[in-house]
Amino acid sequence: QVQLVESGGGLVQAGGSLRLSCAASGRSSSNAMGWYRQAPGKQRDWVATITSDGSADYADSVKGRFTISRDNAKNTVYLQMNSLKPEDTAVYFCARFLTRILSNLVDSWGQGTQVTVSS
């Protein structure tokens, strides 16, 4: 099973930007990769997915503000978050999917990175 390590979280003011990174210990270029987030007291919600060929999909709540990308040579996935809102505050988790294409079949999770957006 691959190890996923997130970084880049922190505290930012509303309207600001952050870039999250997720480094995979093994080759994941054949897998779709994604991000989820979990706010205190709430369920873990899907945020974005990028397929093995680079196609991306986003939750409606982040569409137009967040961009997911990947660098297969570095086994790394990124989440660029712009125009952040207080409701984006959550622990963000990187995920590797079993499939190349969009799905909800996660086989590996990162440990999470905290993102806090102040108003």
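How many disulfides does a search of the whole structure find? The search finds one. A disulfide here is a pair of cysteine sulfur atoms within 2.5 Å. The structure is a predicted model, in which local features need pLDDT of at least 70, side-chain atom pairs count only at pLDDT 80 or more, and totals for chains, interfaces and linings use all residues. Residues are numbered from 1 along each chain as its sequence is written, and side-chain values use heavy atoms, with hydrogens and water left out.

The disulfide joins Cys-22 to Cys-94, with an S to S distance of 2.0 Å. Cys-22 lies in strand E3 and Cys-94 in strand E9 (residues 90-97), so the bond ties together parts that are 72 residues apart in sequence. Strands (E, at least two residues) are DSSP runs, as are helices (H or I, at least four), and they are numbered from the N terminus. The torsion about the S-S bond of Cys-22 and Cys-94 is about -80°, so this disulfide is left-handed. Both cysteines are buried. Buried means under 20% relative accessible area, exposed means over 50%, and partly exposed lies in between (1.4 Å probe, protein chains only).

Strand E8 (residues 76-81) has two antiparallel partners described here. Strand E3 (residues 18-24) pairs with E8 over six bridges. Strand E7 (residues 66-71) also pairs with E8 over six bridges. Two strands pair if DSSP finds at least two bridges between them. Val-77 of E8 is the bridge partner of Cys-22. Arg-70 also stands opposite Val-77. E8 is mostly covered, with five of its six residues buried.

Ile-50 lies in strand E5 (residues 44-50). Ile-50 and Val-77 are 27 residues apart in sequence, and their C-alpha atoms are 8.7 Å apart in space. Ile-50 touches Val-77, and its other contacts include Ala-32, Met-33, Ile-68 and Arg-70, not counting residues up to four places away in sequence. Contact means heavy atoms within 4.5 Å. Ile-50 has 4% relative accessibility and therefore counts as buried.

Most residues other than glycine have a negative phi. Asn-75 is not a glycine, yet its phi is positive, about 50°. Asn-75 belongs to the hairpin of E7 and E8, which has four residues between the strands. At 24% relative accessibility, Asn-75 counts as partly exposed. Ser-83, in the loop between E8 and E9, also has a positive phi of about 50° without being a glycine. Its relative accessibility is 40%, so Ser-83 counts as partly exposed.
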